[in-house]
Every structure is written in C-alpha cells, then in structure tokens.
Amino acid sequence: MDYNDQLFAQLLYIFQASAMQGMGKITNPVTNTIERNMEQAKQSIDMLEMIKEKTKGNLSPEISRLLDTSLSDLRLNYVDEANKN
C-alpha cells in the first residue's frame, strides 16, 4: 500500500470510528462514555458513501475493498441499532 493509500485508509477509519461512536458501539474518547447519536452515525455513513461515489474508478483494489467492507459493516450495525428503538 503506498503512502496516499495509507492516508486514504486513515480518512476512512476516521469516518468509520465516528459512525461507530454515533451508534454507541465505541466510547467517545473525549468523555470516555458511550453516547448514542444516530444522526451522527448516519451522516458519517453518508460521507463514506459519497466518497465511494466520487472516487469510483480511482481507488486501488485494496482501498476499494476496504471502503466496501467498511460500508457493509456500518450499514448492518446501523440497521441493528435503529431497530433497537
């Protein structure tokens, strides 16, 4: 993985962590508590979907798989959390 792919992967992880935090799956690193904000989670997932659309055909196969896997995981978790209401 080249340097730009590493940076891109870090960007994806930032949005993934934000979504997981919004779903209450991981703690907020600032408050060290579980905080649920489904709108924040949805916005982070939407941002990843937009990144996927805007970078279509321009990603390495490895980064493309990482993005697809992240989105699938986040969508499944989002549906699971949304159904808990």
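Colleague: What pattern does the chain follow, read along the sequence?

Modeller: It goes α-α-α. This is a predicted model, by the way. The secondary structure comes to three helices and zero strands.

Colleague: And what size of box do the C-alpha atoms fill?

Modeller: Roughly 40 × 25 × 15 Å, taken along the principal axes. The accessible surface of the chain is about 5600 Å², and 53% of that belongs to carbon and sulfur atoms.

Colleague: How much of the chain is buried?

Modeller: Of the 85 residues, 32% are buried.

Colleague: OK, the inside then. How many residues are in the largest nonpolar core?

Modeller: That core has 17 residues, and the ones with the most contacts inside it are Leu 12, Met 23, Leu 48, Ile 63 and Leu 74. Helices α1 (3-22), α2 (38-54) and α3 (61-82) each supply at least two residues of the core.

Colleague: Which helix gives the largest share?

Modeller: α1 does, with six residues. As general background, nonpolar side chains in soluble globular proteins tend to be buried together.

Colleague: Pick one of those core residues. What does Ile 63 touch?

Modeller: Leaving aside residues up to four places away in sequence, Ile 63 touches Met 1, Asp 5, Phe 8, Ala 9 and Leu 12.

Colleague: Which side chain of opposite charge is nearest to Asp 5?

Modeller: Arg 65, and that one is 9.5 Å away. For a salt bridge here, a side-chain nitrogen of Lys or Arg has to be within 4 Å of a carboxyl oxygen of Asp or Glu. With residues up to four places away in sequence not counted, Asp 5 touches Ser 60 and Ile 63.

Colleague: Let's talk salt bridges. How many are there?

Modeller: The count comes to seven. One of them pairs the side chains of Arg 75 and Glu 49, at 3.0 Å from N to O. Arg 75 sits in helix α3 and Glu 49 in helix α2, so this pair ties together parts that are 26 residues apart in sequence.

Colleague: How accessible are Arg 75 and Glu 49?

Modeller: Both count as partly exposed. Arg 75 has 36% relative accessibility, and Glu 49 has a relative accessible area of 29%.

Colleague: Which residue does Asp 68 form a salt bridge with?

Modeller: Lys 52, with the closest N and O atoms 2.8 Å apart. That pair also links distant parts of the chain, with Asp 68 in helix α3 and Lys 52 in helix α2, 16 residues apart. Asp 68 is partly exposed at 30% relative accessible area, and Lys 52 is partly exposed at 36%.

Colleague: What about Glu 81, which partner does its side chain meet in a salt bridge?

Modeller: Lys 84, at 2.9 Å, N to O. Glu 81 is buried, with a relative accessible area of 6%, whereas Lys 84 is exposed, with 54%.

Colleague: Why does 6% make Glu 81 buried?

Modeller: Because buried means under 20% relative accessible area, and Glu 81 has 6%.

Colleague: Which residues are linked in a network of salt bridges?

Modeller: Lys 25, Arg 36, Asp 80, Glu 81 and Lys 84.

Colleague: How far apart are the mean positions of the positive and negative charges?

Modeller: They are 5 Å apart, for 9 positive and 12 negative charges.

Colleague: Change of topic. Where is Ala 82, and what does it touch?

Modeller: Ala 82 is in helix α3. Ala 82 touches Arg 36 and Met 38, not counting residues up to four places away in sequence. Ala 82 is partly exposed, with a relative accessible area of 34%.

Colleague: And how far is Ala 82 from Ile 26?

Modeller: They are 56 residues apart in sequence and 16 Å apart in space, C-alpha to C-alpha.

Colleague: Last one, the backbone. What is phi of Asn 32?

Modeller: Phi of Asn 32 is near 55°, a positive value in a residue other than glycine. Asn 32 lies in the loop between α1 and α2, and at 60% relative accessibility Asn 32 counts as exposed.

How values were computed:
Residues numbered from 1 in each chain as written. Predicted model: local features only at pLDDT ≥ 70, side-chain atom pairs only at ≥ 80, totals over all residues. Heavy atoms only, no water. Helix = DSSP H or I, 4+ residues; strand = E, 2+ residues; numbered from the N terminus. Buried < 20%, exposed > 50% of the residue type's maximum accessible area, 1.4 Å probe, protein only. Areas by Shrake-Rupley, 256 points an atom, 1.4 Å probe, with all protein chains shown as cover. Lys, Arg positive; Asp, Glu negative; His and termini not counted. Charge placed at Lys NZ, Arg CZ, Asp CG, Glu CD. Core = buried A, V, L, I, M, F, W, Y, C linked by side-chain atoms within 4.5 Å. Contact = heavy atoms within 4.5 Å.
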